[in-house]
Amino acid sequence: MSIRHKLLICIPLLVLLMSSVSFVLFESGKNVQESYHLMMNRIMLYKEVSYEVGENMRSLNRFIMQVDADSFPEVQKHLSAVQELRAKLDGMATIGGSGLPLMNYSHIIDTFLEQAGQMITEIDGQDSNTLAGAYIEAEQTQRFIREEAQELVDLELDQYKPIYAEIMSTTAKLNRLGSLLVITAALLSICMAIWLSGSITGPIRRLVATAKQISKGRMDTKAPESVNNDEISILCRAFNGMIDNIQELMKENIKSVEKDRLVKELELKMLQSQINPHFLFNTLNSIAKLAYLEGAARTSDLTVSVSRLLRYNLQKLDQAVPLREEVEHVNEYINIQRARFRDRIAFEMDIDEQALGGMIPCLTLQPIFENAFVHGLEQMEEGAVLSLSIRYRSGLVEIEISDNGVGMNRETVARLMGSIQQEAPYFSGKGQSTGLGTHNVFKRLHLFFDGQQLIEIDSSEGQGTAVLFKVPFRPSA
């Protein structure tokens, strides 16, 4: 059974159970309330009759004895109220199987209504003594009504004593039954809740325990699969299938790593068969010294620059170096390019010494300079200018490399800037001596400064190119 079906069954059952208990308690209270309501209605009717008769007599006193014509509407109002109450008495059941007391009470009210009505209709044709006698008779009838009402109330109370005792006994039984029903419903609800939660949380706990074992590296652990075809069982089967897939992927990955290791070993053997870089450095230094001894100072300087450039380019790229070393490396690169281009290219530098102590990834500046030569200045016959500006501003190092070469269009600039988020490098189509492009430089800056760097490229066709780096100042340890 699925979890959804369990919830659809258990929750309505709990609601139905609690509703049944509430309905039983409501009906028991309703029966008691109706019994009290019936008795109190009869008693309140007697009281209202006595009240309205008394008010009628007071208004008659003002109207007849005090000759107050303004009180006549009040007389009619209370007389109408007495008549309405008298009509209600006709619809009442007898008391204790005998209708005589209620009948006598009704006749006395009829007598009072007749006396009051006669006084009102004959007030102009009778003298004051006659009216006074009629008023006294009506007043005496009022006392009879009040006394008879009190007797009826006593009869009602006597009649309802056994009924009241029975009601109280029934109420006590219903209270005990209600308590029993509430306790039973609570126990059933708790049992159903425990069963429902256990059927849901139990498999989840076992699945969590399996996940913890897997997180510790025990990939041979499997989640226990239940025979129930619920969502948790489906999840456990899917989890076990995922574990099997991970094991297969691990086996394939081990095979792939082994293949890569063999390839690396082969590449290493191939590299070992090539010229040792240190031998090449020593050879270049020997050539530089020999050129110097022979009086070829420029050739010696150029050979030394090439040796230093080669040594710097072959160090680990994941190392950070002071910006000062990068600038020195760029100077060596420029020395080589000066020997090549001579007066065709002018080099300008504006360096803030305070910024040179900051750390930067190795080989950050030279690839940008190399791109400027290869793509921007190489085809120019004269007037080419390449400049480097480094400034320290409020905890930031601003590095700008600009040229007045052929420039780039907007699409090329957009592709270069987008290469920061790309996994594969963007190549311009021409080879580079270091094997590094702008993608490599941008990506290493992004990783080294945790995305806090700012890279801008300002270029347009025929107007040259300016590359601006704004990076946080990280002093060397």
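In which helix do Glu-55 and Arg-58 both lie, and how many residues apart are they? Select helix H1 (residues 3–65): both are there, 3 residues apart, about one turn of the helix. Helices here are DSSP runs of H or I with at least four residues, strands are runs of E with at least two, and both are numbered from the N terminus.

The model is predicted, with local features needing pLDDT of at least 70 and side-chain atom pairs pLDDT 80 or more, while totals for chains, interfaces and linings use all residues. Residues are numbered from 1 along each chain as its sequence is written, and side-chain values use heavy atoms, leaving out hydrogens and water.

Remain with Glu-55 and Arg-58, which form a salt bridge with their closest N and O atoms 2.2 Å apart. The term denotes a side-chain nitrogen of Lys or Arg within 4 Å of a carboxyl oxygen of Asp or Glu; 6 are counted by this rule. Glu-55 is buried at 18% relative accessibility, whereas Arg-58 is partly exposed at 43%. Buried means under 20% relative accessible area, exposed over 50%, and partly exposed in between (1.4 Å probe, protein chains only).

Next, select Arg-86 and Asp-110, whose side chains meet in a salt bridge (2.7 Å, N to O). This pair links distant parts of the chain, 24 residues apart: Arg-86 in helix H2 (residues 72–90) and Asp-110 in helix H3. Arg-86 is buried at 13% relative accessibility; Asp-110 is partly exposed at 28%.

Finally, display the rest of H3. Its buried residues include Leu-102, Tyr-105, Phe-112 and Met-119.
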